[in-house]
Amino acid sequence: MLPGVYTARKKDGTLYYRSSVTHQGKHISLGSFPTEDAASEAYALARRLLTEPSLTIDSFSAADSVLPFSKWVILLNFRDNGMYIRTPIYLRKNFFHYYFDRDDFLTFDIDDLFYFSTRSISRRGGHLFVADYGMQVNILSRYGIRNYAVPGRDFRFVNGDNRDFRYENIEVINRYHGVAKKEKNGQVYYEAKIHWRGDFIVGRYPTETEAAVAYNKAASCLITKGYEKDYPVNYIEELSTDEYREIYKKVTISRRLRQLTPRQ
């Protein structure tokens with residue numbers, strides 16, 4: 001058997017070949033291959049990636065590499081930074097890149113290294129998710145950005161790069177569902193809207209917190225009267241139970257909502 005290669009069998013008895021490499025005492029699996037020669041080629045390439053500084057991320061060519069791009073990144077990061085990470089992360093100074101392809105990557109603060117070194121990022125419909133305790137979690141939630149928030153309206157990337165997820169580059173504009181920050185004649189206020197026969201204005205409020213509570217109150221009103229259900233709830237962590245109850249009691253919502261008759 002060629003160096004770095006060993007055989008295995010599928011459940012149906014089909015023979016296939018696996019390859020692995022050991023570097024600095026770390027045993028690294030390189031994957032499975034249909035032939036012994038392909039597995040051996042993967043082993044030889046891995047040895048080069050781990051020892052030859054001339055090979056970089058920019059050297060990758062899908063047509064010429066028996067190893068997938070993600071494995072290139074993992075091996076090069078181990079070579080250059082002395083840290084083996086199971087996800088396609090390459091460490092930079094004070095930040096890291098998470099790679100999907102050679103020219104397709106996200107940037108994160110080093111503080112997020114542990115989280116993304118143990119969770120793979122997937123993309124679906126323009127959203128970025130990780131599997132976290134069996135659930136698909138949008139990575140924007142790590143920044144206090146709610147699901148389906150609109151870029152440019154609810155949050156923005158300060159430097160204009162929507163692949164740069166460093167904390168200093170993300171500004172949250174609207175933290176709560178149904179709440180939008182507005183400005184008129186130099187005065188800032190917060191508008192609460194709820195989806196009822198279109199976008200319905202619940203009211204306008206001097207603080208974001210009051211607008212968020214007003215949205216909750218409007219949702220409760222509609223649900224109680226049988227008009228809609230499954231409205232998202234705004235959780236306002238900085239308020240105690242008594243503080244929330246006091247704002248909920250005092251905040252006013254549209255008279256039209258209050259005077260709705262229960263739906264039969």
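Which residue in strand 9 is the bridge partner of Asp-132? That partner is Met-135.

Before going further, a word on the model: this is a prediction, where local features need pLDDT of at least 70, side-chain atom pairs count only at pLDDT 80 or more, and totals for chains, interfaces and linings use all residues. Residues are numbered from 1 along each chain as its sequence is written, and side-chain values use heavy atoms, with hydrogens and water left out.

**Strands**

Helices (H or I, at least four residues) and strands (E, at least two) are DSSP runs, numbered from the N terminus. Two strands count as paired if DSSP finds at least two bridges between them. Here are two such pairs.

| Pair | Bridges | Direction |
|---|---|---|
| Strand 5 (residues 95–101) and strand 6 | 6 bridges | antiparallel |
| Strand 8 (residues 127–132) and strand 9 | 4 bridges | antiparallel |

Strands 5 and 6 are linked by a hairpin of 2 residues, and His-97 sits opposite Thr-107 of strand 6. Strand 6 itself (residues 104–109) is mostly covered, with 5 of its 6 residues buried. Buried means under 20% relative accessible area, exposed means over 50%, and partly exposed is in between (1.4 Å probe, protein chains only).

**Two loop residues**

Is Asn-174 buried or exposed? Asn-174 counts as buried because its relative accessibility is 2%. You'll find Asn-174 in the loop between strand 11 (170–172) and strand 12 (179–184). A polar atom of the Asn-174 side chain lies 2.7 Å from the backbone nitrogen of Lys-181.

Thr-252, by contrast, is exposed, since its relative accessible area is 54%. Look for Thr-252 in the loop between helix 5 (241–250) and helix 6 (255–258). Thr-252 and Arg-204 are 48 residues apart in sequence, and their C-alpha atoms are 9.5 Å apart in space.

Notes. Polar contact = N/O pair within 3.5 Å; in protein donor to acceptor, adjacent residues only side chain to side chain.
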